[in-house]
Amino acid sequence: MKTQSLTTKTYDDHKLWNKLKAGDEKSFSLLFEKYYGDLISYGNSFYRFPERVQDCVQDVFADVWLYRESLQEPNVVKAYLLSSVRKRIARLYERDHIFRKTTTTDSIEFLFDFSIEKELIDDEETAENVFYLNKLLNDLPPRQKEAIFLRYNQGLGVEEIAEMLDVNYQSAKNLLHRGLFKLRSEWKGHLSIIALLSSGAFKFI
């Protein structure tokens, strides 16, 4: 599975997107293999029923294939897919809470915590810094935590984060700023917080 994942990373998303729009099933399959795991993990961060999250992710890909000819090419394919999963989760909440209308994705929360990829930590000092930062991250409000995750774990820009969180550009920028300010105000380590966040040592569960 890991070998397959590494292989799909070599394909350019926009080329795959344009080919699947033209009906190329192989390109569709490669895009599916490339992001299925990320989309499942992200969906699980909002909804506690894995089987229904799997259904949501599969429905997103089914719609991409079904409506491929009419879909516009997104600026960032990964952001489009993540956002589509988020919106489907919001609709699940709407159906599950009959008396509560969910009109935007703002009403669903990023529930899961950051955890540590221990095999990526190669010395004791770094380990102490990472574990401490992990605690600070998990103490952040859910929206700030999600914004930081999308920026430093998924590599999305502020515009994509704003679209995904259903807020304007400045609000997304403020979420990131407040989250990072909170981390820096309580940080006592010598290593850069940004360097640690970008190191790949963090995942979410």
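Mentor: A search of the whole structure finds seven salt bridges, a salt bridge being a side-chain nitrogen of Lys or Arg within 4 Å of a carboxyl oxygen of Asp or Glu. This is a predicted model, in which local features need pLDDT of at least 70 and side-chain atom pairs count only at pLDDT 80 or more, whereas totals for chains, interfaces and linings use all residues. Residues are numbered from 1 along each chain as its sequence is written, and side-chain values use heavy atoms, with hydrogens and water left out.

One of the pairs joins Asp 63 to Arg 88, with the closest N and O atoms 2.2 Å apart. Because Asp 63 lies in helix α4 (residues 50-66) and Arg 88 in helix α5, the pair ties together parts that are 25 residues apart in sequence; helices here are DSSP runs (H or I, at least four residues), numbered from the N terminus. Arg 88 is buried, at 17% relative accessible area, while Asp 63 counts as partly exposed at 27% relative accessibility; buried means under 20%, exposed over 50% and partly exposed in between (1.4 Å probe, protein chains only). Asp 59 also belongs here, linked with Asp 63 and Arg 88 in a network of salt bridges.

Another salt bridge is formed by Asp 38 and Lys 78, at 3.7 Å from N to O. Asp 38 sits in helix α3 (residues 25-44) and Lys 78 in helix α5 (residues 77-96), 40 residues apart. Lys 78 counts as buried at 14% relative accessibility, and Asp 38 as partly exposed at 31%.

Terms used: Helix = DSSP H or I, 4+ residues; strand = E, 2+ residues; numbered from the N terminus.
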